[in-house]
2 protein chains.
Amino acid sequence: MTKRKNILFIMCDQLRQDYLSCYGHRTLHTPNIDALAALGVRFDNAYCQSPLCAPSRASFYSGRYQANHGIMGNDDAIQLGEKLIADYLNPLGYRTAVVGKTHARRSPEDMRAVGIDPESEFARTAASGGFEPFEWHEGLCPDLFLSEDHGYSNYLREIGYADTNPWDTRANSGVDKDGKLHSGWALRSSAYPAAIEEKHSETAYTTRRAIDFIRDTPDRPWCLHLSYIKPHWPVIAPEPYFSMFSKDDVQPAIDPNGLSSSDHPVIECFRKLEYSESYARQDVRDVVIPAYMALIKQIDDHVGNLINYLQKENLLDSTMIVLTADHGDYLGDYALGEKDLFHDVSAKIPMIVVDPDRYADVTRGTTRTEFVESVDIVPTFVEYAGGTVARERIEGQSLTHILRSPETPDGWRTFAVSETDYSERGARALLDLEPNHCRATMIRSDKWKYVHYVGFPEQLFDMENDPNELNDLGINSEYESVRAEMRNYLLNWRLALKSRVGLDADVLEGFGPEQDERNGIIIGRW
Amino acid sequence: MTKRKNILFIMCDQLRQDYLSCYGHRTLHTPNIDALAALGVRFDNAYCQSPLCAPSRASFYSGRYQANHGIMGNDDAIQLGEKLIADYLNPLGYRTAVVGKTHARRSPEDMRAVGIDPESEFARTAASGGFEPFEWHEGLCPDLFLSEDHGYSNYLREIGYADTNPWDTRANSGVDKDGKLHSGWALRSSAYPAAIEEKHSETAYTTRRAIDFIRDTPDRPWCLHLSYIKPHWPVIAPEPYFSMFSKDDVQPAIDPNGLSSSDHPVIECFRKLEYSESYARQDVRDVVIPAYMALIKQIDDHVGNLINYLQKENLLDSTMIVLTADHGDYLGDYALGEKDLFHDVSAKIPMIVVDPDRYADVTRGTTRTEFVESVDIVPTFVEYAGGTVARERIEGQSLTHILRSPETPDGWRTFAVSETDYSERGARALLDLEPNHCRATMIRSDKWKYVHYVGFPEQLFDMENDPNELNDLGINSEYESVRAEMRNYLLNWRLALKSRVGLDADVLEGFGPEQDERNGIIIGRW
């Protein structure tokens, strides 16, 4: 009997690629995630489609570029006609659920406008990105967002954290030696361990709920999106992880004084934002980064627990596992904080894929340098699940061919793309721009990283000779021909996107005068 | 008392700009449409957003570019979240209806997928582009398309045309002196008058139904989309119009042998399609073009009837009137038939706008050369109706400022854009392309017309010195800097489109760290 093919899709929020030991971190050891890499394939050149939560996730969940799904900021709603992972997998018999964060919602107003019943099946998963909300918590819960059905907050109250909003005042607050609480909304509070036991923290709770889901689904193939909120801020780590790292473990910042691209108006504008000014300070980095590392270490242990569970349940040889992140984190490199822009520390993501199929045995434990994008996840899952990839919509390429051969597949992309819209960030106001002019696009080839800004100078980096992106060749006249080539690639990529989704690919590919004639429509025959 | 502000939005299908006498036709006199131009403003540089029915209309009805609404062929369905004219006007108290054709439908499958009740208000107007289908007939009715609710066919049967599909076998068939019928699906049948009385023809019926609608709406402001099917094929004209024109009235073709751009693979491919080969023949043109002119002459008379009715009912001074077309028709110019491509005979459209407001008195009877696009119609209507233009979605500019001043408004566009996707046309198969590579975009400035093709050479014409577009400078190395400038304009235009529609403009324009902080989210503060 063939085993059910399950899918475990693990995402960490704001996890930099180089903060895992398999990707080369020198003071943070992540043996469990490294073991996944040894079991599968580690992609070194994986890029998110947009270095911001909701836009990036919309690409992960839809298989489409930001330009098409239109989610450009964290408050945008997924459009009604957009098809997401569950729309592809559920018809194949899957139970597709989320434990953790999605940051991908459809808007109640949009649904009301077209008359969708709020009690319908569609509406039931509309807030959680089409995933069944088995345990959905969005990772942000300031008082204004506190709702009755916030499962993690309810859990905390049930086990005795009696505060009104224990997510805020316990799980994401630090506590000093005198028992005084320090809100995680301030970076300085990262100097204290979480005011909560480790086993009650978001990461531990989320992992347990993932196991609950798997246990709850013995009879159908499942796709579980286990979506950790950490190491995203608030950067508050529980003991014993908190004490595992100190400022001695903090790696030197790249370009800590922000000397590179210092004449670029957009980059300079981002450097003036509060979060960049904070992270540009070494004293801040010395406090926050050890806590950031502790949160990753904690995730690594819980990933280990989960893999052990799969092994014990004899599910490991039938479960495809992906471990990735929605984007990275500047952490003060280039005198920047947060994400949004396209330096590798922000736009590159970890991407580890374990394909249990025996044809994938030839690639186990290898690393690959092909360009891989977030949009590749949906077609990989659909193909693994035995479905047909909707070519008219899906813009990614299934990774199966890479996972099952040491050779690069014919026609694999030679450029990676990432897009950003910074209209929701402080830079828009500082630059006094129209929202839809706050756009930039990265094109990365083997040798070059090119960034096009609407209305601002281009950037260009020689990634072979300047992998740290210190020497911006964006306005250097010697490189005009390189920029012209990248611009040309960008233009043709953009114009050929699958913005048309109304017809199936086989219909589109069959169109012509014969088709018209079958319908009785004859055009221009004498 | 202020009068109700009505909107009469007249569209003709496949009407070339230069086939109206106010636009310079020498043998076809259209005094009624000319009178509208004398009453309002005639735009000489009006372009459709796409020279194909459904894509063009989707832009007219949504105020958005093809790249965004994604309607690229005649079989594509309008996406569920797209807002159309009625969505903007009905909340302002309007009754927004169509008489005639829309070619803009939402898909029943899309609606089913999200659980929209087929009996809902939304579903009721889903097939007719959001317009109330007061009298909706799509202008194409081969036997396969014949349905019980095809009002015009029902009408024909009721008045005694007993055939199963009288649209096909009467209204759109010619009849010779011996009473023999000739199907309008063959161009040679244009040599005969329609097998129907003029008063029963589509144009006459449609006009009467428009008057019925106005009469039926005495108590609310209305927007009527009067959408004539003609002079679109089948090119069958009823008497007495049929006999008004002969081959002596046919104007010489531009570049009849297709010598221009003859080394362009896409253009040459279109020249090989049956409809181009037919229209390239002068004997075909001599038969079809007189019938095409007759159909326009008939429309002109009916527009006159309708305007007389408005005057009689004292509605003329409170009704904004637009007369336009979805695209032109090659009619054998450049050895091409149909539309799809960007020569002015295909992509330019008539655009006459009568604004009854007294502030528009200063422009009555003038002609304007500003670039005007189909996407301008929605914001013009919304502004006229007293609404607020949804800046986050609407990509056009309201014409009101042009209509009410002889000066060009500050910030008016200096480039017009039109887009095409030829994947549904025979050229895709001949060129063996992926559907989403069948894309081309036109950028028109005062001096230049530039066309970018995905995967094929560019085209460039000097419109000042070569207005007939005979000398293609697309691969002439002397003009590389011009092409680079146009390419750059195209790239920035494309990247700054309003593909993001999830948030209102005032929300987008207010975003920044302060907004986050009001929600209790503080990012990166030490």
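Helices (H or I, at least four residues) and strands (E, at least two) are DSSP runs, numbered from the N terminus. This is a predicted model, in which local features need pLDDT of at least 70, side-chain atom pairs count only at pLDDT 80 or more, and totals for chains, interfaces and linings use all residues. Residues are numbered from 1 along each chain as its sequence is written, chains are lettered from A and ligands numbered from 1 in the order in which they are written, and side-chain values use heavy atoms, with hydrogens and water left out.

**View 1. Two cis peptide bonds in one loop of chain A.** P240(A) sits in the loop between strand 7 and helix 10 of chain A. Its peptide bond from E239(A) is cis, with omega near 5°. P231(A) is also placed in the loop between strand 7 (222-228) and helix 10 (265-271) of chain A. K230(A) and P231(A) are joined by a cis peptide bond, with omega about 5°.

**View 2. The backbone at Y334(A).** Y334(A) has a positive phi, near 60°, and is not a glycine. Y334(A) belongs to the loop between strand 8 (319-325) and helix 13 (344-347) of chain A.

View 3. R64(A) and E82(A) form a salt bridge, with N to O at 2.6 Å. The term means a side-chain nitrogen of Lys or Arg within 4 Å of a carboxyl oxygen of Asp or Glu. R64(A) lies in the loop between helix 2 (53-62) and helix 3, and E82(A) in the loop between helix 3 and helix 4 (85-89) of chain A, so the pair ties together parts 18 residues apart in sequence. Over all chains, the count is 97 salt bridges.

**View 4. The interface of chain A and chain B.** Contact (heavy atoms within 4.5 Å) takes in 73 residues from chain A and 73 residues from chain B. The buried area is about 7,000 Å², and carbon and sulfur atoms give 57% of this. Buried area is the accessible area (1.4 Å probe) that two parts lose on being put together, summed over both. In chain A, L495(A), R500(A) and W526(A) lose the most area to chain B, together 14% of what that side buries.

View 5. Eight salt bridges are counted between chain A and chain B. One of them pairs R525(B) with E274(A), whose closest N and O atoms are 2.7 Å apart. Helix 17 of chain A gives the most to the side of chain A that touches chain B, with six residues.

**View 6. The largest cavity.** This cavity has a volume of about 270 Å³. On a 1 Å grid over the protein atoms alone, a cavity is a set of points where a 1.4 Å probe fits but cannot get out; lining residues have an atom within 4 Å of a point. Grid points are joined across faces, edges and corners, and the volume is the space filled by probe spheres set on the points. Of the 22 lining residues, N68(A), Q79(A), S499(A), N68(B) and Q79(B) are the closest to the centre.

Notes. 1 Å grid on protein atoms, 1.4 Å probe; cavity = no way out; pocket = protein on both sides within 12 Å on 5 of 7 lines; lining within 4 Å.
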